[in-house]
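Dear colleague,

Please find below the structure that I am handing over to you.

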Amino acid sequence: MRALLPRIELTLLVGQYAQAYYLGARRRPTLTETVHAWREYLPEFLPLPHPSPRNTRWLQVNPWFARDVLAELRARIPPLIDVTRR
């Protein structure tokens with residue numbers, strides 16, 4: 001499917017299964033390590049944890065995620081959806 005969409009500029013890899021599929025051997029041993037290494041996968045991919053209520057504890061233990069990764073995501077989205085630049 002991705003081959004049919006040549007203008008994809010960023011793919012969000014939500015959860016460990018998506019990360020395993022798209023990153024393959026580039027993926028780190030754990031989801032936390034993969035998400036923590038998010039800069040290594042840009043600009044093509046941005047690994048994220050699954051947005052589940054069960055991940056509340058993970059978010060509390062990893063405050064860098066909201067501070068760094070979500071900040072980067074918020075900065076990257078507006079230019080990607082700006083139809084005037086297309």
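How many bridges join strand β1 to β2? Four bridges join β1 (residues 11-14) to β2, and the two strands run parallel; strands are counted as paired if DSSP finds at least two bridges between them. Leu12 has Leu46 in β2 as its bridge partner. Helices (H or I, at least four residues) and strands (E, at least two) are DSSP runs, numbered from the N terminus.

This is a predicted model, in which local features need pLDDT of at least 70 and side-chain atom pairs count only at pLDDT 80 or more, while totals for chains, interfaces and linings use all residues. Residues are numbered from 1 along each chain as its sequence is written, and side-chain values use heavy atoms, with hydrogens and water left out.

From β2, Phe45 and Pro47 point one way and Leu46 and Leu48 the other, and all are buried. Buried means under 20% relative accessible area, exposed over 50%, and partly exposed in between (1.4 Å probe, protein chains only).

The loop between α2 (31-36) and β2 (45-48) contains Pro43. A cis peptide bond joins Leu42 to Pro43, with omega about 5°.

Ring pairs link Tyr21, Tyr22 and Phe45 into a cluster. Rings of Phe, Tyr and Trp (its six-membered ring) pair if their centres lie within 6.5 Å; planes under 30 degrees apart count as stacked, over 60 as edge-to-face and the rest as tilted. Tyr22 and Phe45 form a tilted pair, 5.8 Å centre to centre with 45° between the planes.

Yours sincerely
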